[in-house]
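Please keep the sequence and the structure in view while reading.

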Amino acid sequence: MIAPPKTYADWAALLRTFERGTADEDVLHALRTGTLAWQSGVAERFARRFSHAINARINAASDRFDRDMQHASDERGTISALLSLRRSLSFLHAAADLPTLPAEQRASFAGLVQHAADHMQESLENSAKSDRSGKMSDVVRSHRVNVFEDHLLFKAEERL
């Protein structure tokens, strides 16, 4: 288990782990239980570092989705890739909602993830239009990547 961060140095170390994508359940718990003095200087550095980590994770999720889609040979593989991407984005959305941050910052970080997910969904829907059978469009609309699952957040809160 990762100890909840209390100092900026603790947060910096935790955000490096978060960016690498290791120990996600423990990282989410630490993120949600940590404390941070939201003051000038610290706030700007934290926001910059956290935004960078979230963007890195979004890019990694997108790259993993691209690889999964290259290996998907049927509808089941496509659905699996879409669900995996949605789980990754759902985790990032839950991670962005840090109780220690002011509401405006929380909304900003969650909005960053939501915007990326909406853009991915739109891109997937546009790409699926080239399938004349309409099957791919149905799959993409039925397994949206921009609708987040609350169970990750609830799992984390159960551990508190």
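## Cavity

On a 1 Å grid over the protein atoms alone, a cavity is a set of points where a 1.4 Å probe fits but cannot get out, and its lining residues have an atom within 4 Å of a point. Grid points are joined across faces, edges and corners, and a volume is the space filled by probe spheres set on the points. This is a predicted model, in which local features need pLDDT of at least 70 and side-chain atom pairs count only at pLDDT 80 or more, whereas totals for chains, interfaces and linings use all residues. Residues are numbered from 1 along each chain as its sequence is written, and side-chain values use heavy atoms, with hydrogens and water left out.

The structure holds one cavity of 30 Å³ or more, and the volume of the largest cavity is about 30 Å³. Its lining consists of A61, R64, F65, D68, A81, S84, L85 and S88, with at least two residues each from helix 3 (42-71) and helix 4 (75-96); helices are DSSP runs (H or I, at least four residues) numbered from the N terminus. By class, four lining residues are nonpolar, two polar and two charged, where Ala, Val, Leu, Ile, Met, Phe, Trp, Tyr, Cys and Pro count as nonpolar, Asp, Glu, Lys and Arg as charged, and the others, Gly among them, as polar.

## Nonpolar core

A nonpolar core is a set of buried Ala, Val, Leu, Ile, Met, Phe, Trp, Tyr and Cys residues joined through side-chain atoms within 4.5 Å, buried meaning under 20% relative accessible area (1.4 Å probe, protein chains only). The largest such core has 43 residues, and those with the most contacts inside it are F18, L31, F46 and L89. Helix 4 gives the most to this core, with 10 residues.

I54, in helix 3, is buried, with a relative accessible area of 0%. Neighbours within four places in sequence aside, I54 is in contact (heavy atoms within 4.5 Å) with F18, L92, A96, F109, L112 and V113. The C-alpha atoms of I54 and L92 are separated by 7.0 Å, although these residues lie 38 residues apart along the chain.

## Confidence

The chain averages a pLDDT (the predictor's confidence in each residue, from 0 to 100) of 90, and 92% of the residues score at least 70. Among the elements of the chain, helix 3 has the highest mean pLDDT (96) and helix 7 (residues 151-158) the lowest (47). Where pLDDT is low, the predicted coordinates should not be read in detail.

Conventions: 1 Å grid on protein atoms, 1.4 Å probe; cavity = no way out; pocket = protein on both sides within 12 Å on 5 of 7 lines; lining within 4 Å. Buried < 20%, exposed > 50% of the residue type's maximum accessible area, 1.4 Å probe, protein only.
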